[in-house]
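Please read the following report alongside the sequence and the model. It takes up the strands, then a pair of helices, and lastly a pocket.

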Amino acid sequence: MNSKNLIQIKQFCVYHEIENTFITELHNYGLVKIIVLEEDEYLHPEQLPNVEKMIRLHYDLKINLEGIDVIANLLDKIEVLQQNLTATQNKLRLYEQHQIEE
């Protein structure tokens with residue numbers, strides 16, 4: 001894998017003024033995936049919005065890692081429910097249109 005498109009955790013932590021161990025702990029909770037290349041650790045750019053959200057929850061709102069884990073799981077469930085609701089609404093619209101045409 002090419003490290004060009006990845007975010008080096010050391011640089012990320014310096015930029016956000018946080019400890020590297022915070023990212024490691026997020027990884028231990030299964031909240032982020034760390035990619036190891038040539039003895040350096042990286043994050044995938046797609047994870048940045050979620051990681052930055054977790055940083056704000058922890059450092060600004062003083063939420064511990066267990067709380068962040070619960071919040072992340074609940075947000076994932078809400079997203080799945082919203083997708084299901086949208087799919088159901090789309091099916092209902094198709095059904096209603098079919099009924100009107102008859």
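## Sheet, helix packing and pocket

Ile35 stands opposite Tyr42 in β3, where strands (E, at least two residues) and helices (H or I, at least four) are DSSP runs numbered from the N terminus. This is a predicted model, in which local features need pLDDT of at least 70 and side-chain atom pairs count only at pLDDT 80 or more, while totals for chains, interfaces and linings use all residues. Residues are numbered from 1 along each chain as its sequence is written, and side-chain values use heavy atoms, with hydrogens and water left out.

The strands form an open sheet of 3, in the order β1-β3-β2 and with antiparallel pairing, two strands being paired if DSSP finds at least two bridges between them. The edge strands, each of which pairs on one side only, are β1 (7-8) and β2 (34-37). β2 and β3 also form a hairpin with 2 residues between them, and Glu38 in the turn has a positive phi of about 50°.

| Strand pair | Sense | Bridges |
|---|---|---|
| β1 and β3 (residues 40-43) | antiparallel | 2 bridges |
| β2 and β3 | antiparallel | 4 bridges |

Turning to the helices, α2 (residues 20-28) and α3 pack at an angle of about 110°, with their axes 12 Å apart; axes are lines fitted to C-alpha atoms over the stretch in contact, and angles run from 0 to 180 degrees between N-to-C directions. α2 is therefore roughly perpendicular to α3, a term that covers angles of 65 to 115 degrees. Phe22, Ile23 and Leu26 of α2 meet Val51, Met54, Ile55, His58 and Tyr59 of α3 in this contact, contact meaning heavy atoms within 4.5 Å. By class, the contact of α2 with α3 has 7 nonpolar, 1 polar and no charged residues.

The largest pocket has a volume of about 280 Å³. A pocket is an open set of points on a 1 Å grid where a 1.4 Å probe fits, with protein on both sides within 12 Å along at least five of seven lines, and lining residues have an atom within 4 Å of a point. Of the 16 residues that line the largest pocket, Leu31, Asn50, Met54, Ala72 and Asp76 lie nearest its centre. Two or more lining residues come from each of α3 (48-60) and α4 (65-101), and α4 gives the most, with 7 residues.

Conventions. Grid points are joined across faces, edges and corners, and a volume is the space filled by probe spheres set on the points. Angles under 35 degrees count as roughly parallel, over 145 as roughly antiparallel, 65 to 115 as roughly perpendicular and the rest as oblique. Ala, Val, Leu, Ile, Met, Phe, Trp, Tyr, Cys and Pro count as nonpolar, Asp, Glu, Lys and Arg as charged, and the others, Gly among them, as polar.
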